[in-house]
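Please read the points below with the model open beside you. They are meant as a colleague's notes for someone new to reading structures.

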Amino acid sequence: MRLSTQRSLLLAAVAVAGVIYACTPRAKTASLAASDAASKVYVPPGSYDEFYAFLSGGYSGQVSVYGLPSGRLLKLIPVFSQFPEDGYGYNEETKPLLQTTYGFVPWDDSHHPELSQTNGVPDGRWLFINANNTPRVARIDLTRFETDEILQIPNSAGGHASPFTTPNSKYVVSATRFSVPIPNTDVAIDTYKQNFKGTITFMTADQPGKMDIAFQILMPGYNYDLGHAGKGPSDGWFFFTSYNTEQASTKLEENASQNDKDYVAAINYKRAEECVAQNKFTTQTTEYVHNWVDQASRAAKSEKKTSVKLINPSQCPGIAYYLPTPKSPHGVDIDPTGEYIVAGGKLATVIPVHSFTKLQKAIADKAFDKEVDGIPVLKYDAVIAGEVQKPGLGPLHTEFDGKGYAYTSMFISSEVVKWKLGTWEVVDRIPTYYSIGHLSIPGGDSKQPWGKYVLALNKITKDRYLPTGPEMAQSAQLIDISGDKMKLLLDFPTIGEPHYAQALPASLIKDKQIKFFKLAENAHPFATKAESEGGITRTGKRVDIKMIAIRSHFAPDNLEGVQVGDTVYFHVTNIEQDWDIEHGFAVLGQNNSELILNPGETRTLQWIPKTPGVYPFYCTDFCSALHQEMQGYVRVSPAGSPVKLMANVSKKTQAQLVEAQKH
Amino acid sequence: MSNISRLLLALASGLLLAALALPLWRVQLVAPQYPEGLGMEIHAQTVRGAAEQDLGNINELNHYIGMKTIEPAAIPELRIIPWLIAGLSAFSLVAVITGKRAVVWAWLASFAALGLVGMWDFWHWEYSYGHDLDMVHAIIKIPGMSYQPPLIGTKQLLNFTASSWPSTGTALIGAAFLLGVVSLVLHHGPTRLNPAAATRAALREARA
């Protein structure tokens, strides 16, 4: 009896709660807000997004391209990791892009996409991105959305503060997250303070195919985290955060969190150029690799370089200064005017903002606290412009809307905080789901932000989407910043872990897209430009097969004379000259990925058959109504077999030949 | 012949020459997979894609239905038509120089005849491409189906909507013909066509 009464009461309570819930006005407001938000991100079928957003793939090593405001995934661009989906890093033409002094590196961790700039504004020519693990910088061409070039960075471990650009993309930079002995040698780890150094690298970036190390600056052995170039009045300067000024080599979590202030390094790179011109540098023998795509053949090449210009700040006074900055700063971001240098102190209780004007005065007045390895440390009070009080917990990165406001991501309190430049007052805040890392406003680190949206890039997803086991996709959130109050519009899952993202108006690149490669201009040494030109040739144990692909056949499509022990190269040319008519190629038992062939290009698959038999190959990209018929066979005979090399032409061409003979 | 008529005929001669540099006809093919369309332009001296690669792509698609490859070199008329148009242009200059009405009539008659023959010839090539199919190697075979595009207008051919319309060159040729007609009308000078002047002349006669 008592039990049943309890149950009735419970049921009644649930019913009442239900009625209250149903009647609560909040539910109605929420749904109105949802439809309002939906209309702001709705891009009707067949219509285009206003912005391209480039998100780093983090541990995927790649770049993903999304449309904003819809959050639709447009493309994955393979950069630092092999990509079996299109054969990047598997086919012979792209393998050289992943060459390093450590050999072929099939994976990396890509953090920061950086759009090329003209006069401090994104111009849509290229996207640069860094590899953190084996330090490199890649250049992606934005007429093709392809990786065109990768430069390895010597004297570097952890290419994290990278690849931020100068206002005309003359240079992109990389600073070392991990200090190591330079040159790297076998020393005891506990000799960190004596032997470990950091470097800041300036790479020339404005000549496609010719990226190179302009010079490197040898820095005290701290962890260099992020950077940004000055602009306007601060043009010619570059700013980098550093932490672990404690110079710990173990348990950094605790040991690198002791000092109340670490440093923002201010680098006068015009001064560095002067020192290079005056021979105030050391030519250091080292090794690094430069890889680039030869545009005529669309095949990458790889070259080894053997020396760098290394500048020691004590050789070149005026090249570097340290700005004390609380505490373990992460991002360093320069406002659109170029006056304010905003540091995100991960463990700081304020957001410190330095003034470039005060920095210059402090240097002139020699307002120094001390010197570290020839680098003056400025007095905090002499450079600080203001502190944003009580911004939240764990400030990381700041971007700008061009209307006088800054937006800072707060990892620990999981929010975006909007504050006013100059008054340093917090004016708005909005939660993120969950634990935001970077944030991105289109052009938000440039002279001219398109301050319509901020994209929050969150580290933790948990319950935001249908659950998918222990690991969830990471999550991006689109926030409307066009009004006084920030409004959450959309969240969408992302590829890998997008650390940073950059976006720009679609109009800057959409009409420059290449639709196919001109077959007549294909200079690949094994290009086949007509069906009649295919064939098979042997050079010792190497067999080269030249083949075309066109809707809906390969020619030749029957091949004989291959022997066990041969290394076979299928050089397949897609001779289509039509937009988005791709073909694929795969052969039974191959130990690498397929080829995907853009119209007009040649790609090469290496194949080492191990047993005699007949092996089918086929088109892997559904190309046409007769795609399923697009196939062929290659016969493999035992080593030393008398079977002659034979490549037929396609059935269609054969039939045409028969017809021609009749007449 | 009045000066204005001669001027019009000289203009017609120029328009005919200008037409040599422009497409005479345009065939546009639109399909679900080709929302942007594939275009073929017929010039006096050649057939080419509206975009550089279009003709190659039209031929590539046509192989499915067994249609012959459209190759300008295989169409002998394309070597003759430019001379015929140039000849018509020269002919109208003869009319300008002689100033004789009969020459204009003869020019217009040959103009009209060549125009009609040209249209028939074009239709005939369309018929030939559309009907003379290689049924042995055709991949898509539909009994009774032919693929002749219209001379003028729009027609559905499998997944393609084919539209065929005269282009800028033909507009100039048509304008040249009209100028010829107008020059004939104006041949006798303005009085015949001016009712007020005719009335004044009649009044003068009445007074006399």
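1. A word on conventions comes before the details. This is a predicted model, in which local features need pLDDT of at least 70 and side-chain atom pairs count only at pLDDT 80 or more, while totals for chains, interfaces and linings use all residues. Residues are numbered from 1 along each chain as its sequence is written, and chains are lettered from A and ligands numbered from 1 in the order in which they are written.

2. Chain B holds six helices and five strands, where helices (H or I, at least four residues) and strands (E, at least two) are DSSP runs numbered from the N terminus. Read from the N terminus on, its elements follow the order α-β-β-β-α-α-α-β-β-α-α.

3. Of the 208 residues in chain B, 25% are buried, a residue being buried if 20 or more other C-beta atoms, placed from the backbone, lie within 10 Å of its own. Two residues are in contact if their C-beta atoms, placed from the backbone, lie within 7 Å; among the contacts in chain B between residues at least 6 apart in sequence, 63% join residues at least 24 apart.

4. How do helix 1 and helix 3 of chain B pack? Helix 1 (residues 3–19) and helix 3 (residues 77–98) of chain B have axes 8 Å apart, at an angle of about 170°, with axes fitted to C-alpha atoms over the stretch in contact and angles running from 0 to 180 degrees between N-to-C directions. That angle makes helix 1 of chain B roughly antiparallel to helix 3 of chain B, a term for angles over 145 degrees. Residues making this contact include Leu9(B) and Leu16(B) from helix 1 of chain B, and Leu88(B) and Val96(B) from helix 3 of chain B. By class, the contact has eleven nonpolar residues, three polar and one charged, where Ala, Val, Leu, Ile, Met, Phe, Trp, Tyr, Cys and Pro count as nonpolar, Asp, Glu, Lys and Arg as charged, and the others, Gly among them, as polar.

5. Between the chains, seven residues of chain A are in contact with six residues of chain B. The side of chain A that touches chain B has three nonpolar, one polar and three charged residues.

6. In chain A, four strands form an open sheet in the order 31-32-33-34, with antiparallel pairing, and two strands pair if DSSP finds at least two bridges between them. Strand 31 (436–440) and strand 34 (487–494) of chain A are the edge strands, each pairing on one side only. Three bridges join strand 31 of chain A to strand 32 (residues 453–458) of chain A, and Ser440(A) stands opposite Leu455(A) in strand 32 of chain A.

Conventions
Buried ≥ 20, exposed ≤ 12 C-beta atoms within 10 Å, placed from the backbone. Parallel < 35°, antiparallel > 145°, perpendicular 65-115°, else oblique.
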